[in-house]
Amino acid sequence: MESANYIRAKTVRNLANISECPDNITGKAEFRDQLVEQANTPYRWNTNYSHSIVGYKGKGVSVDESLLSPLQKQTYDDGWKKNAFNQYASDLIPVNRYVGDHRHDLCTKVVYKEYLPEASVVIIFHNEAWSVLWRTVYSILNTSPSHLLKDIFLVDDASTQEHLHQRLTKEVDKFPNVHLLRTGVRSGLIKARLLGFSHVNTTVAIFLDSHCECSEGWLEPLLDKIAHCNKTVAVPLADQISSETFQFSPVNIEHMQMGGFDFDLNFNWRPVPEEELKRRTSVIDSTWMCGGSLEIVPCSHIGHMFRNAMPYSWGDNGMHILIKNSLRLAEVWMDDFKRFYHDRIFYNIKHWTLTEDNTIRRDEGCLGFQGPHSLVVMPCNPLASKIKWTYSQENLIISYRDKICLELSTDMTTVNVKPCHGGSQQVWSWPRRTLKKRS
Ligand SMILES: [Mn+2]
């Protein structure tokens, strides 16, 4: 097991060391004439931006609660409650507003590859507000050259709100290249993304949240990055859309942030360390590596609405699902370092050690039997040391005696011994030779 981990860690590091990528990809040559013809004004899927001044160029809308009628106030409060953002303000802003061109001057001088690959966009949503969802879709249609964007797949992860049922189906039908998929049962973000991805038949797949707004010129720089190296995951700059006013605030490129995980394995944006800033010689030319080939592309601006609370319901098990996701992240990516995360979330955990002589002990206590199926902690005397434990390939902890396994009770409060069946309650995780058990 350890050697497998070692190989994987080594492979990851080797990939990160690749500075040049030989696998270029190109778009279709038949687009060439179209490109030359429309070099400066490529055809867009939908260029009917709203003429309304509300929200124009990314301006925010402030709602004065004191001026609302009782009925409006009710709508206002409901909007906040349902979404954890100001839906009332969002509904006042046209779904096809123009958010502006937020590219740095240097970006307009960049020459992209002649043939860029074609892309499709996958958007997952669960109970998203109508105006927010459609602003995401319109912003893509209004800013993407039609020869570079094929389809938009909206994937409904079992939304319960009425407007996302038949009304949405009908609306989507009006757009030839917007498609609606439904998971049927609540599947979670990744399964829903995979469902959307399975319908993508373009070279590039783009995953977006359902509360975004793409601004002018967002698509080409992402595709250009990928066209230069198909191992690249290209990430746009995440401009901020206010959850209160829906004001679009572009990231100041001089104060750009980088993505990272904190010790709770939550994703955060943080300032770029000074050393990294020094390393960069120019704003556009630097390649910003965030581990392997995940790159933030500074000429691509997509607004994302950040909010302070999450409105989604996960049922009673909400916190467990989040921890489960982070545990999986740790298991897949962190190799032996995962124990730092385990130590952090299971801070009330008791550490036991599987010793060289195959006893399980903690301080002066050893794990022994009290009857055939119940465990007891006994002083580590020669009698206790006769009870031998071992661990298997399948991460089971087996007693030599009778081949029975340590098993966590379903309410996760006690550990017993049961006949080995390899079920999840019998699977244990341990960094090196330390066993872990919930107290
Ligand atoms: Mn989001």
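**Exercise 1. Find what lies between E6 and E7, and which residue in the turn has a positive phi.**

Solution. Start with the turn: E6 and E7 form a hairpin with 6 residues between them, and Phe246 in that turn has a positive phi of about 60°. Strands here are DSSP runs of at least two residues (E), and helices are runs of at least four (H or I), both numbered from the N terminus. Next, check the pairing, which requires that DSSP finds at least two bridges between the strands. E7 covers residues 248-249 and runs antiparallel to E6, with 2 bridges joining them. Gln240 stands opposite Ser249 in E7.

A word on the model before going on. It's a predicted one, where local features need pLDDT of at least 70 and side-chain atom pairs count only at pLDDT 80 or more, while totals for chains, interfaces and linings use all residues. Residues are numbered from 1 along each chain as its sequence is written.

**Exercise 2. Work out in which sense E6 pairs with E10, parallel or antiparallel.**

Solution. Take E6 at residues 233-241 and E10 at residues 294-305: they pair in the parallel sense over 9 bridges.

**Exercise 3. Which residues touch the most other members of the largest nonpolar core, and what is Leu219 in contact with?**

Solution. A nonpolar core is a set of buried Ala, Val, Leu, Ile, Met, Phe, Trp, Tyr and Cys residues joined through C-beta atoms within 7 Å. Buried means 20 or more other C-beta atoms within 10 Å of the residue's own, with C-beta atoms placed from the backbone. This core has 49 residues, and Ala119, Val121, Ile123, Ile152, Val155, Leu219 and Leu223 touch the most other members. Pick Leu219: leaving aside neighbours within four places in sequence, Leu219 is in contact (C-beta atoms within 7 Å) with Ala119, Thr143, Ser144, Leu148 and Leu149.

Notes
A residue is buried if 20 or more other C-beta atoms lie within 10 Å of its own, exposed if 12 or fewer, and partly exposed in between; C-beta atoms are placed from the backbone. Two residues are in contact if their C-beta atoms, placed from the backbone, lie within 7 Å.
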